[in-house]
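Please keep the sequence and the structure in view while reading.

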Amino acid sequence: MIIECSNCHARYQYDEERFERKPSKKIKCAKCGSVFDIHNPAFAARPPSSEAGESTFARRADATRTRAQEKPPIDTTETSPLPEPSTDRLNATPAMPAGKRLSLAVISGNDSGTVYRIEKPRVTVGRSGADFIINDGEASRQHAAIEVRDAVVLLEDLKSTNGTLVDGLRISEMIELQDKSEFQIGATTLMLIVTDDA
């Protein structure tokens, strides 16, 4: 099913099996970070049993279930970004966007002021052996990757020691970056810059 963020209207593909037979779930938008509710279209409330021959044991089990349901609800908010943005915006294979120039600018850290032009659909960033090498002892050798899928730019942590941070939070899955999005690798802060190609 397709779900849509109530705040920024970003659309995602959501697997209905992830509802785990619950009527609704709270989801955190990977794009703007707001939390919103989604409802399970397959959920249908069971009508209460009113059979005259219902056993005392069954009535007692129902009463126990009712008391259990009165406990405070468990927070089921999914804090991880949604892994499957809707396919109308996301190409399955990495590809550079036509007419756009993508760059990574180091805005703080040892290499502050350095700009790296992204010229292929997937580039790695790290201390050594990466496409874009940064002078940062807190960075892993191959720390993170930028993957370009036409108009969508994704950031992925490559199981680094210190993690890759976006808005101060360590990412665990690929997340989408926008123009001027910032992220942190070790003590280095980088910014994605998207401009029209002259």
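## A bridge and its sheet

In this predicted model, Gly126 has Ile133 of strand S8 as its bridge partner. Strand S7, which covers residues 122-126, is joined to S8 by two bridges, and the two strands run parallel.

Both strands belong to an open sheet of five strands, in which the pairing is mixed and the order is S8-S7-S9-S10-S13. Strand S8 (132-133) and strand S13 (175-177) stand at the edges with a single partner strand each, so one side of each has no neighbour in the sheet.

## Confidence along the chain

The average pLDDT of the protein is 79, and 72% of the residues reach a score of at least 70.

Two stretches call for separate mention. Over residues 46-54 the pLDDT stays under 50, and the model has four contacts for this stretch beyond four places in sequence. Over residues 80-89 the pLDDT likewise stays under 50, while the model has 29 contacts for that stretch beyond four places in sequence.

Thr189 is part of strand S15, which spans residues 188-196. Its relative accessibility is 14%, and because buried means under 20%, Thr189 counts as buried.

When neighbours within four places in sequence are left aside, Thr189 is in contact with Ala105, Val106, Ile107 and Ser108, and also with Glu182, Phe183 and Gln184.

How values were computed
Residues numbered from 1 in each chain as written. Predicted model: local features only at pLDDT ≥ 70, side-chain atom pairs only at ≥ 80, totals over all residues. Heavy atoms only, no water. Pairing = 2+ DSSP bridges. Helix = DSSP H or I, 4+ residues; strand = E, 2+ residues; numbered from the N terminus. pLDDT = per-residue confidence, 0-100. Contact = heavy atoms within 4.5 Å. Buried < 20%, exposed > 50% of the residue type's maximum accessible area, 1.4 Å probe, protein only.
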